[in-house]
Amino acid sequence: MNPHLAVETIGLAKSFGATRAVAGVDLEVRSGTVFGLLGPNGAGKTTIVRMLATLLRPDSGTAWVLGHDLVQDAPLVRRRVSLTGQFASVDEELTGRENLVMIARLHGMPPRPARSRADELLEAFGLADAATRLVKTYSGGMRRRLDIAATIVVTPDLVFLDEPTTGLDPRSRNQVWDIVRALVAGGTTVMLTTQYLEEADRLADRIAIIDRGHKIAEGTAGELKASVGAGALHVRLRQAAQRPEAERLLAAALATEIHLEGDPTALSATVDEGDEERVAHALAELARAGVAVADFALGKPSLDEVFLALTGHPAEPADAQTDTAPPAGGPHDEEAA
Amino acid sequence: MTTTDSTTTSTGSPATAELRVDRLETVLTPTERPVPAGPWTASLVFAWRAILKIKHVPMQLFDVTMFPIMFTVLFTYLFGGAIAGSPREYIQDLLPGILVMTVAMITPYTGMGLNQDIQKGIFDRFRSMPIWGPAALVGALLGDALRYSLAAMITVALGIAIGFRPGGGAVGVLLAVGLLLVFSFSLSWIWTAVGLRMQTPESVMQVSMMILFPLTFASNVFVDPATMPGWVQAFVDVNPITHLTTAARSLAHGIPDTGAIAAVLVASVVLVAVFAPVTMRLYRSER
Ligand SMILES: Nc1ncnc2c1ncn2[C@@H]1O[C@H](COP(=O)(O)OP(=O)(O)OP(=O)(O)O)[C@@H](O)[C@H]1O
Ligand SMILES: [Mg+2]
């Protein structure tokens with residue numbers, strides 16, 4: 001057990017009947033950092049997080065959370081970690097304020113401090129106006145924020161956020177990102193799951209890619225993208241006749257091989273991460289030489305490409321379940337199996 | 001009180017729906033970690049939650065009020081003449097029975113509410129918190145005791161209006177209701193176990209009705225078991241609802257039947273002793 005690690009797992013595994021949801025995963029999360037679990041539907045992200053938050057008992061493997069043995073010292077772990085589940089875990093039939101007061105009271109705060117803590121959080125999370133409305137009437141983004149507020153009523157040492165932005169619009173997503181950054185600035189360790197490489201990229205110090213219960217790669221966002229090689233520059237010209245010249249100019253500017261596409265006006269080139277400036281320069285060269293560009297695009301490596309590169313198979317869901325907003329049946333549908 | 005809070009904080013700023021990044025830092029600064037609520041406080045917080053829900057949606061009291069009114073009026077006037085000669089005579093015996101039946105019939109709501117919490121995911125939050133496990137259940141049961149009391153009050157008040165004259169007076173009726181609450185609280189542990197086991201609130205309702213219907217009807221609530229065939233009588237005699245009805249009648253009319261009262265208390269203890277541990281196991285076991 002390493003004291004600098006907020007989470008350390010060795011061979012963590014969990015099966016549901018014949019489904020090996022998590023098939024032996026080793027993780028190391030340094031205290032004070034953001035760790036991202038990235039993977040498609042059914043990869044096992046939620047199962048990992050629920051085990052680490054003491055909601056599920058691992059079948060095998062060992063895990064220490066904040067220095068406590070996950071299984072033997074579950075009550076101690078529970079005192080210091082907090083989970084925002086994949087599906088909103090707030091009470092829809094209460095107001096936002098009542099939800100937070102309830103959680104604060106359960107944490108042991110006396111009534112008056114509980115109320116002022118609730119108000120303080122509502123204010124900071126932009127929910128003051130909706131404080132006395134039933135959560136039922138909240139938008140998805142508001143619900144998420146309330147959910148996260150409930151998670152940090154008493155500032156935990158380690159927070160699990162399970163797909164905190166799935167189903168949110170870009171603005172709400174940014175708000176959640178701001179919250180995560182503020183959490184880390186305050187010294188809390190964050191472990192979050194996501195299906196979006198971009199999100200992991202923006203927030204996480206380290207990322208583990210999970211596929212079908214296995215960790216298939218781990219590293220910083222830069223390392224993972226580098227392992228894919230890169231993105232691609234696609235250029236389409238106005239006149240096919242100018243393609244040979246464009247090819248020559250691009251090859252010189254990008255110092256790489258240029259592919260001629262089936263479309264006689266189109267060319268493409270692989271570009272390394274961080275080479276955006278070079279691309280801009282290459283496009284400027286075309287313009288200066290009088291080669292008219294109809295259209296160009298710089299494709300960033302997506303989760304799909306990372307996946308394809310690492311596994312040889314596309315990032316398809318491991319099962320038929322969907323990932324969007326919580327279905328009426330709630331988070332436990334799949335348990336019917 | 002809360003309305004004034006929120007209006008003062010929002011004055012002049014149309015952007016209160018915005019995240020206050022400047023404030024985030026303050027609210028996220030770690031403070032002294034309080035000592036988690038003890039079992040009793042936590043249970044009371046959950047009871048408060050149940051009462052808040054009733055406050056927000058008073059319509060959920062509809063069945064709690066309609067059941068007893070319907071049962072009392074219907075059975076008194078439908079069967080009164082045939083069974084006891086007149087509705088007025090019948091209601092003296094019937095009302096304590098109706099009391100038992102209405103309260104027993106609404107006990108499954110505890111299980112349904114629990115099941116809903118699980119489906120919605122909020123139970124995950126409670127389970128991942130450092131609180132006494134059963135608190136959420138005990139609190140919900142305490143909140144439900146309020147519903148039971150309300151149903152009992154309505155039944156008694158209506159009964160008195162249409163001719164119920166309990167010989168035991170107010171004290172007798174209160175004792176009868178008290179015993180009924182004790183039994184209902186114990187009975188509810190069956191439904192919490194069912195609520196944890198079933199997939200949907202509807203199936204919780206179905207299972208509980210399948211158990212409750214035979215229990216309430218194959219009893220002495222409506223008619224004297226002496227007229228029933230032997231094998232039914234055998235069941236009626238061991239049915240706790242029968243003992244509860246006998247005990248409630250005896251208390252309401254001021255002639256306590258200590259045998260029946262003891263039987264009800266024993267049944268209550270057994271129900272809790274069996275189903276509370278089952279519930280707790282299901283609660284802690286992974287979902
Ligand atoms: N309670 C359960 N009972 C049976 N199977 C389950 C249960 N929970 C998860 N599974 C299965 O385990 C696998 C991993 O599921 P998990 O929810 O951990 O994936 P995930 O990475 O969180 O996916 P998503 O992005 O859809 O949330 C899936 O095949 C899922 O169907
Ligand atoms: Mg998930």
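## A walk through a two-chain model

The model is predicted, so local features need pLDDT of at least 70 and side-chain atom pairs count only at pLDDT 80 or more, while totals for chains, interfaces and linings use all residues. Residues are numbered from 1 along each chain as its sequence is written, chains are lettered from A and ligands numbered from 1 in the order in which they are written, and side-chain values use heavy atoms, leaving out hydrogens and water.

Phe79(B) has a relative accessible area of 31%, so it counts as partly exposed. On this scale, buried means under 20% relative accessible area, exposed means over 50%, and partly exposed is in between (1.4 Å probe, protein chains only). Together with Met70(B), Leu74(B), Leu78(B), Ile83(B) and Val223(B), Phe79(B) makes a nonpolar surface patch of about 490 Å². Patches are made of residues with over 30% relative accessible area and no salt bridge, with like charges joined within 9 Å and nonpolar side chains (Val, Leu, Ile, Met, Phe, Trp, Tyr) within 5 Å. The accessible areas come from the Shrake-Rupley method with a 1.4 Å probe, and for residues only the protein chains shown count as cover.

Now look at where the two chains meet. Here 64 residues of chain A are in contact (heavy atoms within 4.5 Å) with 52 residues of chain B. About 5300 Å² is buried between chain A and chain B, and carbon and sulfur atoms give 56% of that area. Buried area is the accessible area (1.4 Å probe) that two parts lose on being put together, summed over both. Arg79(A), Leu106(A) and Glu123(A) supply 14% of what chain A buries against chain B, more than any other three residues.

Ile122(B) sits in helix 7 (residues 122-127) of chain B, and its relative accessible area of 3% is why it counts as buried. Leaving aside residues up to four places away in sequence, its contacts include Ser89(A), Val90(A), Asp91(A), Asn99(A) and Met102(A) from chain A, and Arg49(B) and Asp117(B) from chain B.

Charged residues take part too. There are six salt bridges between chain A and chain B, each a side-chain nitrogen of Lys or Arg within 4 Å of a carboxyl oxygen of Asp or Glu. In one salt bridge, Asp91(A) pairs with Lys53(B), and their closest N and O atoms are 3.1 Å apart. Asp91(A) lies in the loop between strand 6 (81-84) and helix 3 of chain A and Lys53(B) in helix 3 (residues 39-56) of chain B, so this pair joins two chains. Both Asp91(A) and Lys53(B) are buried.

Other salt bridges lie within chain A. Glu163(A) and Lys45(A) form one, with the closest N and O atoms 3.6 Å apart. This pair links distant parts of the chain, 118 residues apart, and both Glu163(A) and Lys45(A) are buried. Another joins Arg236(A) and Asp295(A), whose closest N and O atoms are 3.9 Å apart. Arg236(A) lies in strand 11 (residues 230-237) and Asp295(A) in strand 14 (residues 293-299) of chain A, so the pair ties together parts 59 residues apart in sequence.

Notes. Helices (H or I, at least four residues) and strands (E, at least two) are DSSP runs, numbered from the N terminus.
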